[in-house]
Amino acid sequence: MTDPAPAPATTPAPPSAATPTTTMPAPAPATRPARRRPSRRLSTLLRGGRPGVVLAAGVLTAAVVACLLAPLLWPLDQSAVDLARTRLAPSPDHLAGTDDLGRDVALRSLYGLRVSLLVGAVAALVATVIGGLVGAVAGTVGGRVDRALMRVVDTIAALPHLLLGIFIVAMLRPSLGAVVASIALTHWLSTARIVRSELLSLRSRPFIDAAVSGGAGRARVLTRHLLPHVLPRLALATTLMVPHAVWHETALSFLGLGLPPHLASIGNMINDGQRSLLTGAWWASIVPGLALVTVTLALAALTGRWRDRLDPRVRAELQL
Amino acid sequence: MTTKAPPTGPPRVRRRRLAGAGVVIRRRLLVAVPVLAATSMGMFALGAASPIDPAQQYAGAAAFTTTEENLAQLRANWGVDDPLPVQYARWVGNLLRGDLGWSTSRHEPVTSVLAARAGWTLLLVGVALALVLVASVLLGTLAAYRRGGWFDRALRSVAYAVQSMPVFWIGLAVIALFALTLGWLPAGGLTDLTATGTDPADVARHLVLPVTVLAISQAPWFVLFVRDAVAESLRDDHVLAARARGLPGRTVLFGHALRTALLPFLTLVGTHLPELVGGAVLVETVFSLPGLGAVTVQAALGADFPLLAATTLATTVVVLTANLATDLGYAAADPRVRLDD
């Protein structure tokens with residue numbers, strides 16, 4: 001079967017010896033030829049997916065639901081200190097044991113996940129806005145501005161981004177805003193590169209020329225013709241960034257440079273748990289980390305699959 | 001100055017491989033200077049935006065009892081009320097003269113902090129990098145050889161899983177298992193508490209866990225890259241030709257496929273170095289190693305601008321140098337790459 005594409009029955013079969021330009025059949029008006037565009041809907045992702053993808057989606061859904069419903073499901077107070085029951089081993093009462101202040105580790109992990117994912121998502125959004133703006137300016141203005149902006153991107157990419165993040169937090173003093181700034185200022189680079197290269201390749205496409213010769217102004221070309229093409233890319237880049245943002249926040253919080261202690265993020269909990277670890281109560285550090293690893297892994301697996309669908313060329317490249 | 005060499009015999013070509021190295025180094029320096037200038041300016045601007053008053057920071061608890069005049073005197077002595085460009089010029093001038101400033105969190109000159117600790121960080125990063133390179137080349141090649149086989153699938157699953165584990169979490173888990181439960185290796189520090197000097201055997205025993213943890217956490221990226229690159233080059237024509245000539249499988253795999261796949265790997269090592277440094281900071285904190293990482297965290301908690309700026313700039317210099325070295329190595333290894341065009 002060397003037939004190029006399964007064409008609908010209404011279109012006439014092209015004569016075999018003709019050149020490609022002349023075989024272009026008039027498009028059948030009623031039945032549009034089946035477009036092979038990869039679907040981006042979640043249901044299609046899951047149906048054609050490997051069992052790993054389904055598992056990832058399940059884990060992620062369960063985690064999100066548990067995070068949202070945690071206050072209803074467990075009547076316990078996550079910050080309730082019970083000094084009579086410190087460092088208890090995992091048991092039916094406390095599924096993941098208690099920490100050195102007698103707080104339930106499983107429940108606190110859920111709340112920590114909530115904080116970490118929320119901060120990660122917000123920071124990824126901020127980073128996307130910064131990167132999108134820089135990439136859009138570089139890609140549309142071009143020339144000297146483009147070169148200067150890309151030089152800035154290359155410069156920051158050459159710095160160890162954890163060190164840079166630590167520096168930013170240190171100078172702004174540890175707080176929620178500083179953590180978001182630290183993540184956003186170190187993670188916008190890839191988005192800027194993606195948007196720029198996408199715009200550069202779109203700019204020379206015929207439909208843009210057609211729009212311009214049809215009298216569309218610069219703003220209209222940007223919003224009606226370029227933006228719809230860039231948006232899926234941008235959404236994908238943001239989702240791919242969320243796990244990285246979460247890891248960055250966790251690292252900062254673990255070092256004591258992240259969120260303030262009253263916001264129990266996963267990093268804060270792992271840091272707190274270090275004290276218990278040395279006395280043998282490993283669960284206070286390991287369980288929150290495990291929760292984070294499970295959820296970010298599921299998120300990364302899903303977004304990796306999404307990217308495969310959007311751009312099969314990069315499938316050979318690394319996921320995450 | 002680069003006249004096209006006539007196609008002569010192989011010895012001539014071999015000699016010309018690094019012909020453009022001088023030009024490249026000069027061009028890279030021309031780029032590196034603005035990069036460092038921009039970085040230092042950005043950091044200085046951030047430091048200036050910081051809400052911390054260096055005079056109060058210096059005075060510490062005494063700030064509550066000293067008079068405003070004394071604090072003002074301190075500020076005047078340090079020139080922190082001067083316009084920013086003046087302060088920046090003074091700081092850069094001092095840096096260029098080798099005076100990195102006074103660390104407010106360690107209460108000693110930044111130069112002596114760096115001198116005492118940079119070596120341990122370099123040792124940790126260097127040994128871990130060597131371990132990662134050897135392991136990833138070996139494992140990645142084996143996985144690529146039977147693509148889609150059980151080893152390939154297992155290796156890739158593990159790699160993806162490890163990639164999403166924070167390095168300090170792996171470190172804590174390893175401490176809990178190997179140091180606290182099994183008691184095989186020490187949980188942290190560089191030497192035993194009772195040790196008076198740095199006995200190499202003692203240090204090596206203390207470095208086993210940190211180096212392994214750092215290597216494991218960085219390995220997935222390298223393993224997956226080698227695996228993809230070798231799998232790609234196994235389909236190349238010259239590998240097919242080698243197979244057709246009847247060469248044994250091992251020779252084809254390591255002698256032909258791996259060799260072509262390794263070239264791009266070399267430059268990517270350079271670009272991945274910043275990640276490795278970040279991992280080292282976290283590993284040093286977990287294992288209480290006296291490297292630059294722990295000092296950096298301490299400096300960050302104390303908003304110690306001179307020390308933080310110095311460590312960040314020093315790391316940037318190291319990373320830029322390593323990138324240059326890998327590019328030169330690439331040119332030396334691949335005759336198709338000409339540096340002088």
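**Chain B, then the interface**

Guide: Among contacts in chain B between residues at least 6 apart in sequence, 73% join residues at least 24 apart. Two residues are in contact if their C-beta atoms, placed from the backbone, lie within 7 Å. This is a predicted model: local features need pLDDT of at least 70, side-chain atom pairs count only at pLDDT 80 or more, and totals for chains, interfaces and linings use all residues. Residues are numbered from 1 along each chain as its sequence is written, and chains are lettered from A and ligands numbered from 1 in the order written.

Visitor: What secondary structure does chain B have?
Guide: Chain B has 13 helices and two strands. These are DSSP runs, numbered from the N terminus: helices are H or I, at least four residues, and strands are E, at least two.

Visitor: OK, new topic. How many residues of chain A are in contact with chain B?
Guide: 40 residues of chain A, and they meet 44 residues of chain B.

Visitor: Which element of chain A gives the most to that side?
Guide: α5(A), with 11 residues.

Visitor: And what classes are on that side of chain A?
Guide: 29 nonpolar, 10 polar and one charged. Ala, Val, Leu, Ile, Met, Phe, Trp, Tyr, Cys and Pro count as nonpolar, Asp, Glu, Lys and Arg as charged, and the others, Gly among them, as polar.

Visitor: Where do α10(A) and α11(A) meet?
Guide: Ile266(A) and Met269(A) are among the α10(A) residues there, and Ala284(A) and Pro288(A) are among those of α11(A). By class, this contact has eight nonpolar, five polar and one charged residues.
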